[in-house]
Amino acid sequence: MITPIIDESKIHELTNALLRYNNIVITCHVAPDGDAIGSSLGLYHFLRRMGKVATVVVPDMIPRNLHFLPGVKQTIIYTQQSELAIKAIENADLLFCLDYNALHRIDKLSPYVAHSEAYKILIDHHLYPEPFTHLTISHPEISSTCELIFRVIWQMGRYRMLSRAAAESIYTGMMTDTGNFTYNSNQPEIYEIIAKLVMKGVDKDRIYTLACNTQTANKLLLNSYAICHKMELFPEHGAALIYLTHEEMSRYNFQKGDCDGLVNVPLSIKGIHFSTFIREDKEFVKFSFRSQGDFAVNTIAAEHFGGGGHLNAAGGEFYGTLDEAIAKYRELLPIYCNNNKEKDKE
Ligand code: 5GP
Ligand code: MN
């Protein structure tokens, strides 16, 4: 049994919006991941089945390992086709905001979405959604936006309209946002939903191979280099840090997404429950945090790096040099680790 967790009045409002509007644009967050692209394409295929004109507009490049997803070629990438992207948003009468909770998460798309007169619907699982949409379907307790897209379609009574392409997209985001069902994945209904997706023809083993086993040699070499030469362990704090300069990434012909997953690696070491990856970006230094158990990383991201995220996966930005960023990390480490130790004792 799949519990109807989404407020029926919201499902009703969404259904009405789909009856009223025809020109639909779907947006997702910058540096899109499997959940952002999966939820966007899942909804896209569903809407097209319903006879709607739908377009997915993405702020920047889709990582290569997601290019297998049906519909990726039809997406408009703002950094490559900005005029087309702006026009699509301006012409939309219905706008979906998927897998993000605040306008700044769509980067350069944000003024266009903010000023659009379209009816706006947010479907997301990040904490504290900002009130920039007409309808907000926010469920931080759910492990992926893809799962929410499935639940919306299910509660609308439209499961039969779910195509294999839509099911593959949804499955991909459910898989990637749970680290292939290794965290945030204890809710039994996740597996009921997967069963329903597999019934639509999803080959989950093939999706795993396509999403996870199609990396470049350079990516593997860069990640290996980072672990071998740029990882510092702080056993007394159960913490690990990896940091990379722009030059080191260029050495391995860094492409967007090449360091995805690197921050998770130190968590495989016994006793490490807090992992941080810092990399030099063009205008700032990017922080990625991962943790296990109750250790909240979204508070560190929010309190010191203007970011946010989930309890066990979060990120933010630092404006300064990489060395200053590392110094800031060293300063914060004992404070947050001791706070968590105190919590453990309570
Ligand atoms: P990642 O480390 O994979 O880049 O991000 C992990 C999670 O942290 C994302 O799913 C997102 O929820 C959150 N996150 C990452 N970077 C930022 C950021 O700059 N701002 C906010 N608000 N959240 C972020
Ligand atoms: Mn997500």
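Which residues come nearest to ligand 1?

1. The structure under review is a predicted model. Around ligand 1 there are 13 residues, and those that come nearest are His126, Lys286, Ser288, Arg290 and Ala314.

2. Two of these residues deserve attention for their side chains. A side-chain N or O atom of His126 is 2.7 Å from an oxygen atom of ligand 1. In the case of Arg290, a side-chain N or O atom is 2.9 Å from an oxygen atom of the ligand. Gly308 takes part through its backbone, where an N or O atom lies 3.3 Å from a nitrogen atom of ligand 1.

3. On its own, ligand 1 has 490 Å² of accessible area, and the protein covers 80% of this. Of the elements, S12 gives the most, with four residues.

4. The shell around ligand 1 may also be described by residue type. Eight of its residues are polar, three are charged and two are nonpolar.

5. Helix H9 comprises 13 residues, 217–229. From its first C-alpha to its last, H9 reaches 18 Å, which is close to the 18 Å expected at 1.5 Å a residue.

6. Which residues of H9 are buried? They are Lys219, Leu222, Asn223, Tyr225 and Ala226. These residues lie on the same side of H9, because they cover an arc of only 155° around the axis. On the other side of the helix, Ala217, Leu220, Cys228 and His229 are exposed.

7. The loop between strand S6 (135–138) and helix H5 (145–155) contains Ser143. Is Ser143 buried or exposed? Ser143 is buried, because its relative accessible area is 8% and a residue under 20% is counted as buried. The side chain of Ser143 reaches the backbone oxygen of Asn184 at a distance of 3.4 Å.

8. Gln80 is located in the loop between strand S3 (76–77) and helix H3 (82–91). Gln80 has a relative accessibility of 51% and therefore counts as exposed, since the cut-off for that class is over 50%. Along the chain, Gln80 and Met61 are 19 residues apart, and their C-alpha atoms are separated by 8.2 Å.

Notes: Residues numbered from 1 in each chain as written. Chains lettered and ligands numbered in written order. Predicted model: local features only at pLDDT ≥ 70, side-chain atom pairs only at ≥ 80, totals over all residues. Heavy atoms only, no water. Near = heavy atom within 4 Å. Polar contact = N/O pair within 3.5 Å; in protein donor to acceptor, adjacent residues only side chain to side chain. Areas by Shrake-Rupley, 256 points an atom, 1.4 Å probe, with all protein chains shown as cover. Helix = DSSP H or I, 4+ residues; strand = E, 2+ residues; numbered from the N terminus. Nonpolar A, V, L, I, M, F, W, Y, C, P; charged D, E, K, R; others polar. Expected span 1.5 Å × (residues − 1). Buried < 20%, exposed > 50% of the residue type's maximum accessible area, 1.4 Å probe, protein only. Arc of directions from axis to C-beta.
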